[in-house]
Amino acid sequence: MNLSMKNFMTFRNLVYDRCGINFESKKIYFVKKRLISRMEALEIATVEDYLRYLKFRDPKRTEFQELLNLLTTNETYMFREFDQLAVFAEDCLEEVCEKKKKLGNNQIRIWCAGCSTGEEAYTLAIILMEMLEPLSDWNIKITATDIDTKVLSMAQKGEYSSRAVKDVPDEYLEQYLRITGGSFAVKSIVKKHITFTHLNLMDTNQLKSAGLFDFVFCRNVLIYFDEASRKEVVSQFYEHLDPGGFVFLGHSESIGRISSSFTLRKMGGMIMYQKN
Ligand SMILES: C[S@@+](CC[C@H](N)C(=O)[O-])C[C@H]1O[C@@H](n2cnc3c(N)ncnc32)[C@H](O)[C@@H]1O
């Protein structure tokens, strides 16, 4: 199959406009491989025909979703970026809990945006279960969202390989996961705190119903966006945070340049963004 730069750019723009993911020209072979796979599945012979199919014969975007599921990068594992999670557990959570206690509010709401196969959301639930005392005093709700429908169904199952749990401390592994054969299944006491939902971060209509959160975790997602999409998404995080709430990004991501609305907080060598 021949994928000209012109056709690549048409695909690139379609994906960018619909979901903010920005494929640079060096990604042409990565994209081409995934296009071939979808074209074979649909028995479509030319790129031009596949483009037409996506634009005019896919009103519910079911085929676009299939393609997108192949184009997203879903790398993740439990307790990823451990040092940052330690700051969340020991500093930020305590700060927010103190504020909530004063207000007589016992709800902790977390939005795990770009949750992939679910490991990050389960990690956050385990941390809350360990840190909140007594746990029964608190009402925990973690909303975990992703644009990729395939990873979301894996997240709902919550069954992982040894690679996904390699950084889980042994005592948590025993307490919160069931080991069956070679795989590790998250126990229902953890699962019950999380709702997995399909959500496109670039779809502001869909985001309207998201509600207010104390913490937004959006780690290793914005690296796939360009500055304009990042700006849009970060302004949504601001809208959906309670005053005093925090945003956590991946270690190679920052919002310093794209939003001055947040207060930059440095704790334990980590940078967090807080809404005043
Ligand atoms: C590399 S994973 C990050 C997983 C996890 N947050 C972590 O740090 O381990 C990036 C995820 O972002 C999701 N994603 C990309 N663009 C998105 C969008 N526009 N809306 C929602 N999720 C998106 C992808 O589907 C993918 O699962």
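# Exercises on a predicted model

Tyr122 sits in helix α6, which covers residues 119-131. The model is predicted.

**Exercise 1. Decide whether Tyr122 is buried or exposed, and list its contacts beyond four places in sequence.**

Step 1. Take the neighbour count. Tyr122 has 30 C-beta neighbours inside 10 Å.

Step 2. Apply the cut-off. A residue is buried if 20 or more other C-beta atoms lie within 10 Å of its own.

Step 3. Conclude. Tyr122 is buried because it has 30 such neighbours.

Step 4. Set aside the neighbours within four places in sequence. Tyr122 is then in contact with Met78, Gly158, Val186 and Val190.

Step 5. Asn22 is 100 residues from Tyr122 along the chain, and their C-alpha atoms are 28 Å apart.

**Exercise 2. Work out whether the radius of gyration of the protein chain agrees with that of a compact globule, and describe the fold in overall terms.**

Step 1. For 276 residues, a compact globule would have a radius of gyration near 19 Å.

Step 2. Compare. The protein chain has 20 Å, so the two agree.

Step 3. The C-alpha trace spans about 60 × 50 × 30 Å along its principal axes.

Step 4. Count the elements. The protein chain holds 11 helices and 10 strands.

Step 5. Check burial. Of the 276 residues, 34% are buried.

Step 6. Look at sequence separation. Among contacts with a separation of 6 or more, 75% link residues 24 or more positions apart.

**Exercise 3. Describe the shell around the ligand: how many residues surround the ligand, and which domains supply them?**

Step 1. Count. The ligand is surrounded by 26 residues.

Step 2. Name the closest. These are Thr72, Thr76, Gly114, Ser116 and Leu201.

Step 3. Sort by class. The shell has 10 nonpolar, 10 polar and six charged residues.

Step 4. Assign to domains. Domain 1 (5-71) and domain 2 (82-274) each give at least three residues to the shell.

**Exercise 4. Locate the backbone exceptions, and state the setting of each.**

Step 1. Recall the background. Most residues other than glycine have a negative phi, and most peptide bonds are trans.

Step 2. Find the cis bond. Glu133 and Pro134 are joined by a cis peptide bond, with omega about -15°. Pro134 is in the loop between α6 and β2 (139-146).

Step 3. Take Glu43. This residue is not a glycine, yet its phi is positive, about 55°. Glu43 belongs to the loop between α2 (28-42) and α3 (47-56). Glu43 counts as exposed because it has 6 C-beta neighbours inside 10 Å.

Step 4. Take Asn220. Its phi is also positive, near 60°. Asn220 lies in the loop between β7 (213-218) and α11 (227-239).

Step 5. Settle the burial of Asn220. There are 20 other C-beta atoms within 10 Å, so Asn220 is buried.

Notes. Residues numbered from 1 in each chain as written. Predicted model: local features only at pLDDT ≥ 70, side-chain atom pairs only at ≥ 80, totals over all residues. Helix = DSSP H or I, 4+ residues; strand = E, 2+ residues; numbered from the N terminus. Buried ≥ 20, exposed ≤ 12 C-beta atoms within 10 Å, placed from the backbone. Contact = placed C-beta atoms within 7 Å. Rg over C-alpha atoms; globule rule 2.2 N^0.38 Å. Near = placed C-beta within 6 Å. Nonpolar A, V, L, I, M, F, W, Y, C, P; charged D, E, K, R; others polar. Domains from an automatic or database assignment.
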